[in-house]
Amino acid sequence: MYDLRTLRDNFDAIRNQLGPRGIDVPWDNIRTLIDQRRSLTGQAEQLRHELKKGSEDVAKLKREGRPADASMVAMKAVGERIKTIEDELRVVEETLTNLNLHIPNLPHPSVPEGKDSDHNVETRRWGTPPSFGTPAKNHWEIGEALGILDFDRAAKITGARFAVLMGAGARLERALINYMLDLHTTQHGYREVLPPFLVNRSSMTATGQLPKFEEDLFRLRDEDFFLIPTAEVPVTNLHRDETLTENALPLRYTAFTPCFRREAGSYGKDTRGLIRLHQFNKVELVSFVKPDQSYEELERLTGHAEAILQGLGLHYRVVTLCAGDTGFSAAKTYDIEVWLPSHNHYREISSCSNFEGFQARRAGIRYKGLSGKKDARMEFVHTLNGSGLAVGRTVVAILENYQQPEGSVMIPEVLRPYMGGMDRIKKE
RNA sequence: GGAGAGGUGGCCGAGUGGCCGAAGGCAACGGUUUGCUAAACCGUCGUAGGGGCAAAACCUCUACCGAGGGUUCAAAUCCCUCCCUCUCCGCCA
């Protein structure tokens, strides 16, 4: 969603910069609606002014005990014209807002051009892949053999794309959550939040999941609530419709939540294992910062997600998404991809984005300097978030990268305190 | 689920049809006073949209008293619907 004045004044520039991302946007329609809105607003305001003055005259006449019938009749007519124009204006504004909510964010100049993931740019690598004498087993073979993963029973309980973790597997998931939260809160300066996992339509609209991506979400039947697809939604909405004081920024939060995604349109992809589930756990990082600090913050935040992988000793690379692969609301995104030996390639485990003012505008999250100062005017904050990390995929990476020839799995050093001292997962 | 109360500016709080964008207080900010701090005093103190201006300052118009409709010449105030908060009862981890 764009500020209408900005959109009007920079119409062609925005359209051009959006390039292929703006292919679905009905530009001409929007331009017409903006002009109509302006013209109708002007008419309505002028008439309301007339009505206001006329009503004051009526009040005055009545106070003086003089007849006011003529004015009242005239004003009734004005009132009716206002109503007609306002009806028209309402339709124009609703249509325009709805279209505006469908325009994606502008990519940052540093984002590589390109239409799909083939044009993403590898930015750095960390560590080295482990070497195995025999071909690496995939995580579900390892997990099922160890008795810590059960997909058949999950399918019985719910359906496809769900998993049951048991014993040391469940413990490993819990250990990872605690390790991540502890690191982010004690070393990286984030405040822990445990938000609701169900949110309303306004929250989903503010962060950009709605109105365009409703089919990706689980929605309750009896209430207009949605299961969160990421903690980004409730945590960013923590400050919806708030004006923050300048010295409260930056605000940094970390939250553990389950995430629920319908995965519509991904039939046949990653059908086995923990990679793509309808429900998975994630620890999220969310920042609210002043606009001039958001790109610095993106680097920091990405680094915080990387620190988790470094602590676990997992090889990964960081990829800068090209314009076409960057999500709807984001201006710039780094994906962190962890090495998976069974696939012999990298797999997304975190996605860190700067949304600039895009979400803040939808969400009404502003900040204001101390009043009295010259530059005390209100401005939208910039919001950022990133996974730190997707927990299920971290389990995948650990099982695969730390698998041993005889079938057990070593537990990374940093997790052992969280595992009651356990140093490897053996068949139970 | 049943019964009731309520939502006004950053906060508290007045306002039951017109002269109300909204008294008063607190907080904040600028200043005077002061050895410093405090107190006191003076002043400033909403957001958004349109227009004027090259533009900032500024001027002007319009909207906004939980949201959306309605009644009326005129709505914070009356009516309807919805949302949210609180209290009591029931149920429940």
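Trainee: What makes the backbone of M72 a polar contact of RNA strand B?

Mentor: In this predicted model, a polar backbone atom of M72 is 3.3 Å from a sugar or linking oxygen of RNA strand B. A polar contact is a pair of N or O atoms within 3.5 Å, so this pair counts.

Trainee: Which elements give two or more residues to the surface near RNA strand B?

Mentor: They are α1 (4-9), α3 (27-63), α4 (69-100) and β13. The largest share, twelve residues, comes from α3.

Trainee: Why are β7 and β14 called edge strands?

Mentor: Let's take the sheet as a whole. Its three strands run in the order β7-β13-β14, and the sheet is open with mixed pairing. β7 (242-245) and β14 (379-380) each have a single partner strand, so one side of each has no neighbour in the sheet.

Trainee: And what makes β13 and β14 a pair?

Mentor: Strand β13 (residues 365-368) and β14 are joined in the antiparallel sense over two bridges. Pairing requires at least two bridges, so they meet the criterion. Within these strands, Y367 stands opposite E379 in β14.

Conventions: Residues numbered from 1 in each chain as written. Chains lettered and ligands numbered in written order. Predicted model: local features only at pLDDT ≥ 70, side-chain atom pairs only at ≥ 80, totals over all residues. Heavy atoms only, no water. Helix = DSSP H or I, 4+ residues; strand = E, 2+ residues; numbered from the N terminus. Polar contact = N/O pair within 3.5 Å; in protein donor to acceptor, adjacent residues only side chain to side chain.
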